[in-house]
Amino acid sequence: MLQQILRDMYIDPELLAELNEEQKQILFYKMREEQVRRWKQREEKSQEEETVLKRTAKLKQDNGKRVQWLRGADGEVWVWIMGDAPGDKPYEQISEELMAEKARQQAQREAEELWKEQEAEITKKFRDAMAKEKARIVAEKWKTETDDRKAAKLMEEKIQEELKRREEEERQRGEEQIRLQEERRAQELYISLKQAQQYVAHNEKEDHEWEEQLRRSKAADEERSHKARRARDEYRRQSLRAIQKGKVADLSNLFQAAGLNIEQEEKLTPICPVPPFTMRVPTSKARGRPSRPFSREVIIQWFKEEQLPRRAGFERNSDTVAPWFHGIITRQEAEELLMNRPEGAFLVRVSEKIWGYALSYRHQNGFKHFLVDASGDFYSFLGVDPNRHATLTDLIDFHKEEVITSSGGELLLEPCRQTKSPPDYSPLFE
């Protein structure tokens, strides 16, 4: 089940809710390890491709340009930090002056362009008016007597002076309008540049806040990884203790090679109130099952066909159902049974979430629930590096002496017996 979770990088939310906090941390740590492994694999491939591209570009390059840095008297690259040298203005003042100058120059260019257009219009306007007036006077006065031509000339000069005066006034008004517009435009550009600077400063502040959040996230990840590593080390320590006591299945050859003496337990003849079955679940059934049960009927069938032959729920060397064993009951029902029990009370119930069981435990501040995976040939808590036990009874007996988690210190002290008649496990043995 763990390998399937790591392969898909997904765990069903309902199944995740059944895990206790330490099992969640262990599973999270293992998934992060898998993510890092995949990321490193992609990075190595990307670096190889980048190396090939750089090598190809270097072969194509003939004579590239070079950059040479100016060096000081000490031989190092010469660096000037604006605002630190003697006589330098503060950076804020330089920035203000540069923005003001940039705004002034832009406004001046726009004003010059606008004035050229207006000046051309004014010149054309009065030149056309003067030509029309001159043509009119000439046409009228040529018809008069020669004596009147002098008066016509004087009138023409007077009109020309009046037109020039009006042209000058119009020009002055136009220049004043352009000057005022230039000042307004310079102020607008200055305000725009100031707002852009404030926007950059705001973005820098947001970047700083984002970096702080990233730092906190990394610290939280490190804390979770530390907890997961500590839990994994505790599992390994318990595994070694279990091996030394001979209570972990199918690992004897490995530790004998390491020089550890392991006492072989006596093989027990299965005693069961139902017809005898083989002690090992057929591999084909385990492989053909769906990833999780989907009905109570399927769970009952699985228990009868695969768990009864392995004496799941029975006491050791007895046909009696263990006092801690319960049927297909919910988490809430289990907590109700444990409500008035002392710390260390426990029961094992058939899970509806996985092919296995849930161990419900009463501790000082409430309840804990641990999933027990029975989908293979062993019984083990769902998590990283768990102890594997040949029978469900072995797992329970082992944790009567060894804590389940180092942080919680859970020891199985008192079984929570049946309170119903008939017992809630009756459908499993019918």
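Q: Where does Ile81 lie, and is Ile81 buried or exposed?
A: In this predicted model, Ile81 sits in the loop between α3 (21-60) and α4 (91-141), where helices (H or I, at least four residues) and strands (E, at least two) are DSSP runs numbered from the N terminus. Buried means under 20% relative accessible area, exposed over 50%, and partly exposed in between (1.4 Å probe, protein chains only); Ile81 counts as exposed because its relative accessibility is 51%. Residues are numbered from 1 along each chain as its sequence is written, and side-chain values use heavy atoms, with hydrogens and water left out. Local features need pLDDT of at least 70 and side-chain atom pairs count only at pLDDT 80 or more, whereas totals for chains, interfaces and linings use all residues.

Q: How many salt bridges does the structure hold?
A: A salt bridge is a side-chain nitrogen of Lys or Arg within 4 Å of a carboxyl oxygen of Asp or Glu, and the structure holds 26 of them.

Q: Which residue forms a salt bridge with Arg316?
A: The partner is Asp394, with the closest N and O atoms 2.7 Å apart. Because Arg316 lies in the loop between α8 and α9 (331-338) and Asp394 in helix α10 (residues 392-398), the pair ties together parts that are 78 residues apart in sequence. Salt bridges that share partners join Arg316, Asp394, Asp397 and Lys400 into one network. Within this pair, Arg316 is partly exposed at 35% relative accessible area, while Asp394 is buried at 8%.
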